[in-house]
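Hi,

Here's the structure I said I'd pass on.

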Amino acid sequence: MKEGELVLLLSKDSSYLVELKKGKLHTKDGIFDLEEILNKNFGDKIKTHLKKEFTIVKPNLVDILGKVRRGPQIVMPKDAALILAYTGISQRSFVVDVGTGSGFLAIFLANYIKPGKLVSYEKDKRMAKIAEENIRLSGLSKFIEIKNKDATKGISEKNVDLVTVDIQNPEKVVKQAYKALKLGGWLVVYSPTIEEVIAVVREIKKLNFSYIKTVENIVREWQSERTTRPKTLGLLHTGFLTFARKVK
């Protein structure tokens, strides 16, 4: 292994996503000697100074997204997956993501469409920097370009397969998204409130979009420790997804 490589230290109860470098990693499970990991391979074991054992594994997308630095709001995996399911975009697709935030959705989509290209617009410089660091850690930098620009003032890309939108007042970017999309391309807008949905659908209907639908994706986890029943708390409402397809 080499410095800068991303590894996951995995045990039955804990996991740590680590970018390898010289030094020590202090955790609730004890101290890891990172230089020791540099001399090991995936699948090898390592112990903290408290003798707690971890396996060194190669992290996947879920591991990385679970550890990246987040902003105030992200599009959750359950909603990001629904975008793939409803639009049918595939590898080598060209995607524009409006409202990068911490880069969560950009990373999720880019991992799926690679070696396709994703261009993400973020007008907040601070959030763009957070996203750039998260994207670097994900290993997907060559597939994602971040533009520190306001997409409501223009999207320069053309013949795009998919435009995703997650910003305040998303209705302001609908016309720009329409111009960027190729025929048959999809617009998907994430809205936390129904008021935003109403405003977005109103703008969508002014243009040549069809197959318009708004959905809410609710996931309920069950417990099975003592009795089998739905958990009292769950990841229920996160936001609404509005889909529309450019037909002419």
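Below is what turned up, going from the sheet to one threonine and then to a pair of helices.

Before anything else, keep in mind that this is a predicted model.

Zoom in on S5 and you'll find it paired with strand S6 (residues 53–57) in the antiparallel sense, over three bridges. Lysine 45, for example, has threonine 55 in S6 as its bridge partner.

Next, click on threonine 27, which belongs to strand S3 (residues 24–27). Its side chain reaches the backbone nitrogen of aspartate 29 at 3.1 Å. A polar atom of the threonine 27 side chain also lies 2.7 Å from the backbone oxygen of glycine 30. Leaving aside residues up to four places away in sequence, threonine 27 touches Tyr16 and Phe32.

Finally, the helices. H3 (residues 77–87) and H4 (residues 104–113) pack with their axes 10 Å apart, at an angle of about 40°. That angle is why H3 counts as oblique to H4. Their crossing is right-handed. On the H3 side the contact is made by Pro77, Ala80, Ala81, Ile83 and Leu84, while H4 brings Phe104, Leu105, Phe108, Leu109 and Tyr112. What kinds of residues make up this contact of H3 with H4? There are 10 nonpolar ones, no polar and no charged.

Cheers

Conventions:
Residues are numbered from 1 along each chain as its sequence is written. This is a predicted model: local features need pLDDT of at least 70, side-chain atom pairs count only at pLDDT 80 or more; totals for chains, interfaces and linings use all residues. Side-chain values use heavy atoms; hydrogens and water are left out. Helices (H or I, at least four residues) and strands (E, at least two) are DSSP runs, numbered from the N terminus. A polar contact is a pair of N or O atoms within 3.5 Å; within protein, one must be able to donate a hydrogen and the other to accept it, and residues adjacent in sequence count only if both atoms are side-chain atoms. Contact means heavy atoms within 4.5 Å. Axes are lines fitted to C-alpha atoms, for helices over the stretch in contact, and angles run from 0 to 180 degrees between N-to-C directions. Angles under 35 degrees count as roughly parallel, over 145 as roughly antiparallel, 65 to 115 as roughly perpendicular and the rest as oblique. A crossing is left-handed if the near helix is turned anticlockwise from the far one by less than a right angle, and right-handed if clockwise. Ala, Val, Leu, Ile, Met, Phe, Trp, Tyr, Cys and Pro count as nonpolar, Asp, Glu, Lys and Arg as charged, and the others, Gly among them, as polar. Two strands pair if DSSP finds at least two bridges between them.
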